[in-house]
Amino acid sequence: MTRTALVVRGGWDGHHPIEATDLFLPFLRDSGFDVTVEDDPEVYADADRMAATDLVVQCVTMSRASHEAVRGLREAVAAGTGLAGWHGGIADSFRASSDYLQLVGGQFATHPSKHPDEVHGDQTDNYLDYTVEITELGRAHDITAGLGDFALRTEQYWVLHDDLIDVLATTTHPVQPYHPWHRPIVSPAVWTRDWGQGRVFVSTPGHSLDVLQDDNVRTIIERGLLWAAR
């Protein structure tokens, strides 16, 4: 039986929403999904369309969505539609909507920068070497089973989150003399969330195309898409 995937992409161009989602379209089709692509989250307000959708792959950083669209997304997920995405395309969307934030369970707060002497005024100011650590739960979960801790050099997301998420991997922000926090901060890097009859999957790594093509990141995202789908 063919399942349906709705890819919703747009928002801030710095996350390359078209090119990033294009990386995963062949995988979705090869996995048996009938894939459609939209460039406006207002599609979420179409109740019939959403009821017929088994998986939403969202890549919309910042931007806005109407109250009706967010309500439609929440109701669809609660009824069994999966929601999945990576980086700011899901964890930094629709900042003005507390209802969206509650659905996803985590919100980007910042990505700490390098030492002030090393910044140059471009995106690489926030590219840090850090480790994604698989949790005990993650070692047994379908999305991350068999994977070990791995290193990345990219943005390291600091995430504000609640306790309803199931954290499969974390990353730790160290204390630095040029930052104001006084103890290491552990942020979720990969998480899932059960919401009604539906599932939510988030990977915070995914800032750029090269990160999305990292073997570990791509494996996690591909497994996460399948896991979240109805």
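Okay, let's start with a rule: rings of Phe, Tyr and Trp (for Trp, the six-membered ring) pair up if their centres lie within 6.5 Å, and planes under 30 degrees apart count as stacked, over 60 as edge-to-face, the rest as tilted. By that rule, we get 4 aromatic pairs here.

One of them is Phe-24 with Trp-86, a tilted pair, 4.9 Å centre to centre with 40° between the planes. Phe-24 sits in the loop between helix H1 (17-22) and helix H2 (25-30), and Trp-86 is in strand E4 (residues 82-86), so this pair ties together parts 62 residues apart in sequence. Both Phe-24 and Trp-86 are buried, meaning under 20% relative accessible area, where exposed is over 50% and partly exposed is in between (1.4 Å probe, protein chains only).

Another is Phe-108 with Tyr-157, also tilted: 4.5 Å between centres, 45° between planes. Phe-108 belongs to strand E5 (residues 106-110) and Tyr-157 to the loop between strand E7 (150-154) and strand E8 (158-161), so parts 49 residues apart in sequence get tied together. Phe-108 and Tyr-157 are buried too.

Helices (H or I, at least four residues) and strands (E, at least two), by the way, are DSSP runs numbered from the N terminus.

Quick word on the model: it's predicted, with local features needing pLDDT of at least 70 and side-chain atom pairs pLDDT 80 or more, while totals for chains, interfaces and linings use all residues. Numbering runs from 1 along each chain as its sequence is written, and side-chain values use heavy atoms, leaving out hydrogens and water.

Last stop, Glu-42: you'll find Glu-42 in the loop between strand E2 (33-38) and helix H3 (47-51). Glu-42 is partly exposed, at 31% relative accessible area.
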